[in-house]
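Tutor: Please study the sequence and the structure shown below. A set of questions and answers then follows.

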Amino acid sequence: RSGRMPQLILVTADSNLDAKAVVRSLQLMAPDARIACISSVPQIGALTNRGQSRLALLGIADPGGQTGLGFAEGASKSQGRAFEAGREAAMQAINDAKRADKPDVIIVNGTFGFEEEVLAGIENVVDGVPVIGGSAAGDLATQGWWVASAFRERVDVSNNGISVIMLWTSCHTATIYSSCYEPTACRGIVT
């Protein structure tokens, strides 16, 4: 709506969609954008303010800011490999942005299994920065979940990967927690 081409496109997609086809289509529309995709529940995709959508996009344009994108394999193999994948993707994101200072916010999309180790690997590279993001979803029987990232010629798609996006913004950033759920009168204790 701003009339600017996005520098970053964040994507949530139905896990049955072809990740490479999604990325290629977006690259045609915004060839200089960094793209980070994560799969969601099959046949549902993303929950938006208009309901369910098989594909949801968030484009970010910040001409005064910078974005770095990193990707690594191994997020779901073992604790040690997940730590290294977090470190590797974080270092790639810093190198991609050509920055040495801390970013304002980090977005992480990864496959599930060792999320805490992935975050520890990222923190090993840059600590004290707010991190948002989530884990991929998909069909458990077929391991049909995936994450993808792309920038120009580089396109990475994996069901065992981590995508790290670092943002150095030209405006104030803040994080809030929101969900699709509303409180009820029902209460209980989880043990």
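Student: In which sense do β7 and β11 pair, and over how many bridges?

Tutor: This is a predicted model, in which local features need pLDDT of at least 70 and side-chain atom pairs count only at pLDDT 80 or more, while totals for chains, interfaces and linings use all residues. Residues are numbered from 1 along each chain as its sequence is written, and side-chain values use heavy atoms, with hydrogens and water left out. Strands are DSSP runs of E with at least two residues and helices are runs of H or I with at least four, numbered from the N terminus; two strands pair if DSSP finds at least two bridges between them. Ile-106 stands opposite Met-166 in β11, and β7 and β11 pair in the antiparallel sense, over six bridges.

Student: How many residues of β7 are buried?

Tutor: In a regular strand the side chains alternate between the two faces of the sheet, so each face is examined separately. Val-105, Ile-107 and Asn-109 lie on one side and Ile-106, Val-108 and Gly-110 on the other, and every one of them is buried (under 20% relative accessible area with a 1.4 Å probe, protein chains only; exposed is over 50%, partly exposed in between). The buried count for β7 is therefore six of its six residues.

Student: Why does Ala-82 count as buried?

Tutor: Ala-82 is found in helix α2. The C-alpha atom of Ala-82 is 5.6 Å from that of Glu-117, although the two are 35 residues apart along the chain. Ala-82 counts as buried because its relative accessible area is 0%.

Student: How many charged residues are in the lining of the largest pocket?

Tutor: On a 1 Å grid over the protein atoms alone, a pocket is an open set of points with protein on both sides within 12 Å along at least five of seven lines, and lining residues have an atom within 4 Å of a point. The largest pocket holds about 1400 Å³ and is lined by 33 residues, with Thr-12, Leu-47, Leu-58, Ile-132 and Gly-133 nearest its centre. Two or more lining residues come from each of β1, β2, β3, β5, β7 and β8. The lining has 19 nonpolar residues and 14 polar ones, and the number of charged residues (Asp, Glu, Lys and Arg) is none.

Student: To which strands is β9 joined by bridges?

Tutor: Five of the five residues of β9 are buried. With β2, β9 pairs in the antiparallel sense over four bridges, and Cys-37 has Ala-148 as its bridge partner. Five bridges join β9 to β10, again antiparallel, with Val-155 as the partner of Ala-150. The strands joined to β9 are β2 and β10.

Student: What is the phi of Arg-152, in the hairpin of β9 and β10?

Tutor: Most residues other than glycine have a negative phi, and most peptide bonds are trans. Arg-152 takes a positive value instead, in a hairpin with two residues between the strands. Arg-152 counts as partly exposed because its relative accessibility is 44%. Its phi is near 55°.

Note on methods
1 Å grid on protein atoms, 1.4 Å probe; cavity = no way out; pocket = protein on both sides within 12 Å on 5 of 7 lines; lining within 4 Å. Points joined across faces, edges and corners; volume = space filled by probe spheres on them.
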